[in-house]
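Visitor: Hi, could you walk me through this one? I'm new to it.

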Amino acid sequence: MKQRICMSIKQHGLHGLLHSATLIEAMAREQLAAVDILPRQAQVLAAINSMGEVSQIELAKTFGVSPASLSTMTDRLLGIGLISRSVDPNERRRNVLALTAKGQDKLDGIHAAWDTVDTRIEQALGADAAAFFALSRRLRDALGGQVPGLQPEQDLTTDSPASPGEPPN
C-alpha cells in the first residue's frame, strides 16, 4: 500500500487573484452571451466609445498590448460591423477606429451585463466589495493601466465599482 504524504502547498496571492479573474471572466462571458459578444470585445467597444475616434496604436497602449495583438480583435469587430476604420482627416497616414451604429447599439447590453457581474461580486463580498473594487483600480493604476479615454494623470473619484467608460474591475 502506498503511503500518501500530505505536504502543505504555499498559496500564492497571485493564484487566488488569477483564479478569481478566471471565474469573473466566465461570469462576464455568460452575461455577454445575450449581447452576442465576448468580454474582451466588450472592453474594446467601451474603450472606443469613451475615447472617440482612436488609432489602433493608441487603443493598444490603453490596454497594454501590442498593436499586432489588438489587430486580430479589431479585424473581428470590423468584420461583424461593430466598428469602422477610416483615414484620419487630420493625419492622412493614420487610420482611426470608431463605433458604428451597430456597435453603439451593443453598449447598453454590455453595461447591463457588467452591472450583473458587479452585483454578483458585491453579493459574494458583501461589505468588502467597495474596498475590493477600489483596490482593483489602485492595482491597475499602479501597474500602469489606465481608464480608456482619460489621461493617466487625471484623478477619478467614484463611488461606483467601475469608472465611466470602463469595464468592471
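Guide: Let me begin with a term: contact means heavy atoms within 4.5 Å. This is a predicted model, in which local features need pLDDT of at least 70 and side-chain atom pairs count only at pLDDT 80 or more, while totals for chains, interfaces and linings use all residues. Residues are numbered from 1 along each chain as its sequence is written, and side-chain values use heavy atoms, with hydrogens and water left out.

Visitor: OK, which residues of α3 and α4 meet?

Guide: On the α3 side they are Gln56, Ile57, Leu59 and Ala60, and they meet Pro67, Leu70, Ser71 and Thr74 of α4. Helices here are DSSP runs (H or I, at least four residues), numbered from the N terminus.

Visitor: And at what angle do the axes of α3 and α4 cross?

Guide: The axes cross at roughly 105° and come within 9 Å, so α3 is roughly perpendicular to α4, a label for angles of 65 to 115 degrees. Axes are lines fitted to C-alpha atoms, for helices over the stretch in contact, and angles run from 0 to 180 degrees between N-to-C directions.

Visitor: Switching topic, is glutamine 41 buried or exposed?

Guide: Glutamine 41, which is found in helix α2 (residues 39-51), is buried, with a relative accessible area of 8%; buried means under 20% relative accessible area (1.4 Å probe, protein chains only).

Visitor: What is glutamine 41 in contact with, beyond its neighbours within four places in sequence?

Guide: Those contacts are Met73, Arg76 and Leu77, and the C-alpha atoms of glutamine 41 and methionine 73 are separated by 7.0 Å, although the two residues are 32 residues apart along the chain.

Key
Helices (H or I, at least four residues) and strands (E, at least two) are DSSP runs, numbered from the N terminus. Buried means under 20% relative accessible area, exposed over 50%, partly exposed in between (1.4 Å probe, protein chains only). Angles under 35 degrees count as roughly parallel, over 145 as roughly antiparallel, 65 to 115 as roughly perpendicular and the rest as oblique.
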